[in-house]
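Work through the exercises below with the sequence and the structure side by side, trying each task before reading its solution.

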Amino acid sequence: MSEVKKEYQVSRATLALALGALGSRGVGFFREVVVAAKFGTGRAFDLYVASSAFPSFLSAIFLYALPDYLVPYFTRLKENRPSALRRFLLWTFLCGTVFLGALYFSAEWWVKLFAPGLPPYEILFGAQAFQILLLFVFGTAIEAILRSY
């Protein structure tokens, strides 16, 4: 591979990482603005924090741990078995969608687990916040996979 082509690929990868990081920070800032506008401080904010614990944990895994595993794996598959890479990406997307869908539809159970003893109307509110945050987790996971690819 020529030196110019390598430099182009490194520049392109650096730009993709920088744009991904910038986009992630922008989405995080937007999330904080929406949370501050919606909840302010008090009981509603406490409920939001309790319902966001698990989705935030998943986002951290997808943003920081998953790419460390996927980059070398994708590189090996790209070089040796491109069809296996496509199959892996498809199965990763499908399994991730099923996993996050199961979390989405069991949101009330998760809120009860992380914040026991809440009245029913607060459980519903927390479950809705949990479900909305799972959409961010899905976007984070897709971004991590694309960044690794």
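**Exercise 1.** In which helix does V111 lie, and is V111 buried or exposed?

Before starting, note that this is a predicted model, in which local features need pLDDT of at least 70 and side-chain atom pairs count only at pLDDT 80 or more, while totals for chains, interfaces and linings use all residues. Residues are numbered from 1 along each chain as its sequence is written, and side-chain values use heavy atoms, with hydrogens and water left out.

Solution. V111 lies in helix α4, where helices are DSSP runs of H or I with at least four residues, numbered from the N terminus. Buried means under 20% relative accessible area, exposed over 50%, and partly exposed in between, using a 1.4 Å probe and protein chains only. V111 therefore counts as buried, because its relative accessibility is 2%.

**Exercise 2.** Classify E122 and Q128 of helix α5 by accessibility.

Solution. Begin with E122, which has its place in helix α5 and is buried, because its relative accessible area is 10%. The C-alpha atoms of E122 and V111 are separated by 9.4 Å, the two residues being eleven apart along the chain. Then take Q128, also found in helix α5, which is partly exposed because its relative accessibility is 40%.

**Exercise 3.** Which residues touch the most other members of the largest nonpolar core?

Solution. A nonpolar core is a set of buried Ala, Val, Leu, Ile, Met, Phe, Trp, Tyr and Cys residues joined through side-chain atoms within 4.5 Å. The largest such core has 17 residues, and L58, L103, F130 and L134 touch the most other members. Helices α2, α3, α4 (107-114) and α5 (120-148) each supply at least two residues of this core, and its largest share, six residues, comes from α5.

**Exercise 4.** Where does helix α2 bend?

Solution. First consider the span: α2 (residues 43-80) has 38 residues and reaches 54 Å from its first C-alpha to its last, close to the 56 Å expected. Then locate the bend, which is about 45° at L66, with a proline, P67, following within four residues; the bend is the angle between axes fitted to the seven residues ending at a residue and the seven starting there.

Conventions. Expected span 1.5 Å × (residues − 1).
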